[in-house]
Amino acid sequence: MAWQFLGLTAALTAIIAARYLLLSGLFYWLLWQRGGEKLSAKRLNRDRPMRAIVMKEIRLSLLSSAVYAAPAALALAVFLNGGTAIYTDWRAYGGVPYLLLSFFLYLVVQDTYYYFAHRLMHHPRLFRWMHAGHHRSRQPTPFASFAFDPAEAALTAWLIPAMVFVVPIHVGVLIGLLMFMSFVAVWNHSGWEVLPRFLVRGPVGSQLISATHHSYHHIRFDRNYGLYFRFWDKVMGTDTMPDEARDGSRLSMRPERA
């Protein structure tokens, strides 16, 4: 079991790192190299990414890959030996309705946990050694999506592996969930808003985290702590959608008027 765990940890570290590099690299090329304007995206960052900052983001992210791999490897080892609540028959638990419900449930639990953990990491006594690494990117790039200090990675890496022991989830839904999580993280740190304005500023965007919403957190550290949904930010009074700059191409520091 111990050797299996070590082997799985090494394999998952490589898989997580490769997924991060491929997805972040693709977004970086499409938006910053090829030009986000060609995709009708709105540039949020004032400055182009600096190579030194990007390299720091990558180094932290590769370290985070190993931290995230360990609890995932433990869950996978138990699953391979007949444990966990992960199942393979899609018809179990009522079929498709539960597949969709479980996906949403995992998102809601993770979003709730992350909001309060994120706020905790912004406490002055914890910020420097738990979260400062991520905030070195005041103007984040796609490579910042996984750039966490080891303590932050350890605080957040255990949740999904722990949930698979108590909340049934189909293996395919779990894989889809992990891909979705990575995609959203890269998207919201890209420095560009890819979604059209009517979604970002409309009824849908008023409930969901977007690149515009999260980029403001990197400007104002005391705002916008959510991961997927704006629910807890609204409940706790930390939700702020930035006003649009007069030229329509950058974020301003002014909060949007209610």
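**Exercise 1. Find the partner of Arg-220 in a salt bridge and describe the setting of both residues.**

Solution. Start with the pair: the side chains of Arg-220 and Asp-222 meet in a salt bridge, 3.0 Å from N to O. The rule asks for a side-chain nitrogen of Lys or Arg within 4 Å of a carboxyl oxygen of Asp or Glu. This is a predicted model, in which local features need pLDDT of at least 70, side-chain atom pairs count only at pLDDT 80 or more, and totals for chains, interfaces and linings use all residues. Residues are numbered from 1 along each chain as its sequence is written, and side-chain values use heavy atoms, with hydrogens and water left out.

Next, check exposure. Buried means under 20% relative accessible area, exposed over 50%, and partly exposed in between (1.4 Å probe, protein chains only). Arg-220 has 30%, so it is partly exposed. Asp-222 has 34%, so it is partly exposed too.

Last, look for shared partners. Salt bridges join Arg-220, Asp-222 and Arg-223 into one network.

**Exercise 2. State how many salt bridges there are, and examine the one between Arg-46 and Asp-47.**

Solution. The count is five salt bridges. Arg-46 and Asp-47 form one, at 3.0 Å from N to O. Arg-46 has a relative accessible area of 60%, so it is exposed. Asp-47 is at 33%, so it counts as partly exposed.

Now take Asp-239. Its side chain meets that of Arg-230 in a salt bridge of 2.7 Å, N to O. Arg-230 is at 7% relative accessibility, so it counts as buried.

**Exercise 3. Classify the aromatic pairs Tyr-28 with Phe-143 and Tyr-113 with Trp-158.**

Solution. Rings of Phe, Tyr and Trp (its six-membered ring) pair if their centres lie within 6.5 Å; planes under 30 degrees apart count as stacked, over 60 as edge-to-face and the rest as tilted. This rule gives 22 aromatic pairs.

Take Tyr-28 and Phe-143. Their ring centres are 5.3 Å apart and their planes stand at 50°, so the pair is tilted. Tyr-28 lies in helix H1 and Phe-143 in the loop between helix H4 (124–130) and H5, so the pair ties together parts 115 residues apart in sequence. Both Tyr-28 and Phe-143 are buried.

Take Tyr-113 and Trp-158. Their centres are 5.4 Å apart, with 85° between the planes: edge-to-face. Tyr-113 lies in helix H3 and Trp-158 in the loop between H5 and helix H6 (159–163), so this pair ties together parts 45 residues apart in sequence. Tyr-113 is partly exposed, at 24%. Trp-158 is partly exposed, at 39%.

Technical notes. Helix = DSSP H or I, 4+ residues; strand = E, 2+ residues; numbered from the N terminus.
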